Amino acid sequence: MVIQRELGEYDAIYLPISFCKCVFLPSGSVMIDMASLHGAGYRVVLREQSAASDRVRQADLFGPDGLINPFDDPVVVSIVLTERGSALRISDDVARRIDDLIGRSQGTPPPSGPTAAIRSAALLRIYSRLAAMAPAADENMLDRLGRLGDALLKSFGFAGSSELPKSMTKTPAAYTYLGQFLAHEMTVYHPTGSNRPPSMILAIDSAIDLKTIFLRPFNFPRTLPEGVQEAEGLILSETILDSGTRFPGSGLDDVPRRPDGCPILFEPRNDQNLAVSQTHVAVTRFAQAAMRILQKSGLSEDDLHRTVIRHFQSVVLQDYLPRIVDPETYADVMEHGRVYVAPSNGNDPLTSFYVPTEFSTAIFRFGHAMVQDCYAPWNTENPDKTVQSALASDLLGFSFAGGALTRGRLLQSWTTDWGHMLGHPGETPNMARAIGTALSESLFCLPEDLFQPSIFDRPCLDAQASRINLARRTLLAGALTNLPTGQTLAQLVQTELDRAGSPCRIPILPPDALVIPDNQHATDIMLEGEVGARFVDQTPLWVYILREAAICGDGNRLGPLGSRFVAETLSAAVEASGTGMIVKGIRQRFEPYPNFGGRSKDKFDYADLLTLAFNTGF
């Protein structure tokens, strides 16, 4: 799969672009991470793990930020034709520059001499691009996008007002973080499954196959830390009991952690906030419970895992998706297949799938708009110590980076009471915020340690100098990765729908629909420039998706373009897993395993998953 040539001190590695499964690193000291960190766009990160310490240095090779790819002298690799097909070539000069970039980004000098730890560099392509690249953004465009990102953020506070964002009517808050968990499933950050420095690195694709719970991370500990327990091959951490004994869980209600609180996860982003880490716990506990039941069935290990994954995929396809996308699009994609994302009209089965950068950098980031400033109540299961409300800052705090863990452990009173996030029968849960452009400062001004550094960053506010504007990052990432506008992508997808004979339509929003409600400053920026070149005429893809959802779906679901792209992407990601839930683009009949206690004969939903995970009703 890999062709290798010696070039002085450095190895040039030729990596076939198509169907590559592994990359061999001769030195054994370098691993490759793929990241899509909070608006940073698609990127490949080179990491060095020092044998003498736990220090890790990293730098973007092809991220959009100017620190790594300066406009005046960008890092460039060549596409060459080899006997194995098209490949990316890293020259010795580029390898030296990569060494230097790693040193600059981490504030440490690069290694030197023939004994340098970093001697190999490799590229893995895990994102696809479906639309043609838009023209490069000039300085004026980047300035306008930055100002728009700043203008979108508003302070709503907690007092009711006419401008206070509304909530979805039928989608509980639990689905917000299920969507974040899915985003991490499809764009894994640490694609290694070995407990030793790798001599082989797998190119992880975007299949939804629960890799984030089944695969073990690099440097998995030989001995589990105190408080970490394993069940059915999956590990979780005990929480610190601080609130009595009336709790539905077993005490194993946190992601696995080292003594200092650092998560032991194949996907460390699942510890970025408490709500997504608790989602990881819920899915893990579901898998543990399901595998205990299936042990008596005589299934092989592969079929056992396949059964667990199929039930999770049913949650995605038959519960999450119908809430997020419009009914007409959902029915068309499930019954007739995909027309734009990995089109399903071919004869070959979909054996690998890479998430489109249009999806990861812009479209699926609609989920950020669903996050609420406050979840009240959060946990009232324990009468001795209830948590009546959890602010967004609280959720960020109860993570390794957030610093609010107690001796590296989570307090039991802060675990998720799923009755408040999903809803017990007869109860109204916390609801997700309606999808739209009413973006809150408290949600979109995030700690800088969640981001890679960029020369395009500006502080959110003078009082929050250490916080980065997520909206600004998302808009700039879209421009710096040359994403199409919303109008352009809508036209492209409609062309494919017409070619396929689909009756579905994706109407292009008119300019007057693309102003920003209750935000004159942002509207003024949308209207800047000559007619035809304004943002209301050529709308950044992320903003277009948010406005389309607000107009066409009243904030309760995505509009036609967002719905089509999300439904087709998740369909392809499920089909690529090989479980048979999607075959040639068509959703297949599904029957839940009878002993899992599901309430339906043809689907398994999120409430069923949580009921099995925690042995209580939802």
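**Reading a predicted model**

Colleague: P377 sits in the loop that runs between strand 14 (374–375) and strand 15 (390–391). Which kind of peptide bond joins A376 and P377?

Modeller: Keep in mind that this is a predicted model. Most peptide bonds are trans, and most residues other than glycine have a negative phi. The bond joining A376 and P377 is cis, with omega at about -5 degrees.

Colleague: Where is L210 found, and is L210 buried or exposed?

Modeller: L210 is in the loop between strand 11 (200–202) and helix 4 (211–214). Its phi is positive, about 60 degrees, although L210 is not a glycine. With 0% relative accessibility, L210 counts as buried. A342 also has a positive phi without being a glycine, near 45 degrees. A342 belongs to the loop between helix 7 (327–336) and helix 8 (357–361). Its relative accessibility is 18%, and because buried means under 20%, A342 counts as buried.

Colleague: How many helices and strands does the chain have?

Modeller: There are 17 helices and 21 strands. Of the 618 residues, 59% count as buried. Among contacts with a separation of 6 or more, 71% come from residues 24 or more positions apart.

Colleague: Which residues touch the most other members of the largest nonpolar core?

Modeller: In soluble globular proteins, nonpolar side chains tend to be buried together. The largest nonpolar core here has 140 residues, and F312, F366, W378, W542, V566 and Y606 touch the most other members. Leaving aside residues up to four places away in sequence, V566 touches L321, V325, F359, I363, F364, F366 and L558. Another core, of 5 residues, lies apart from it, with L236, V255, L265 and V281 among them.

Colleague: In which sense do strand 12 and strand 13 pair?

Modeller: Strand 12 (residues 228–231) and strand 13 (residues 234–237) pair in the antiparallel sense, over 4 bridges. V228 has S237 in strand 13 as its bridge partner. The two strands make a hairpin with 2 residues between them, and E232 in the turn has a positive phi of about 55 degrees.

Colleague: Which cysteines form a disulfide?

Modeller: A disulfide is a covalent bond between the sulfur atoms of two cysteines. The count here is 1 disulfide. C445 and C460 form it, with their sulfur atoms 2.3 Å apart. The torsion about the S-S bond of C445 and C460 is about -115 degrees, so the disulfide is left-handed. C445 is in strand 18 (residues 445–447) and C460 in the loop between strand 18 and strand 19 (467–469), so the pair ties together parts 15 residues apart in sequence. Both C445 and C460 are buried.

Colleague: Is C374 buried or partly exposed? And C504, buried or exposed?

Modeller: C374 counts as partly exposed, at 26% relative accessibility. C504 has a relative accessible area of 4% and is therefore buried.

How values were computed
Residues numbered from 1 in each chain as written. Predicted model: local features only at pLDDT ≥ 70, side-chain atom pairs only at ≥ 80, totals over all residues. Heavy atoms only, no water. Buried < 20%, exposed > 50% of the residue type's maximum accessible area, 1.4 Å probe, protein only. Contact = heavy atoms within 4.5 Å. Core = buried A, V, L, I, M, F, W, Y, C linked by side-chain atoms within 4.5 Å. Pairing = 2+ DSSP bridges. Disulfide = S-S within 2.5 Å.
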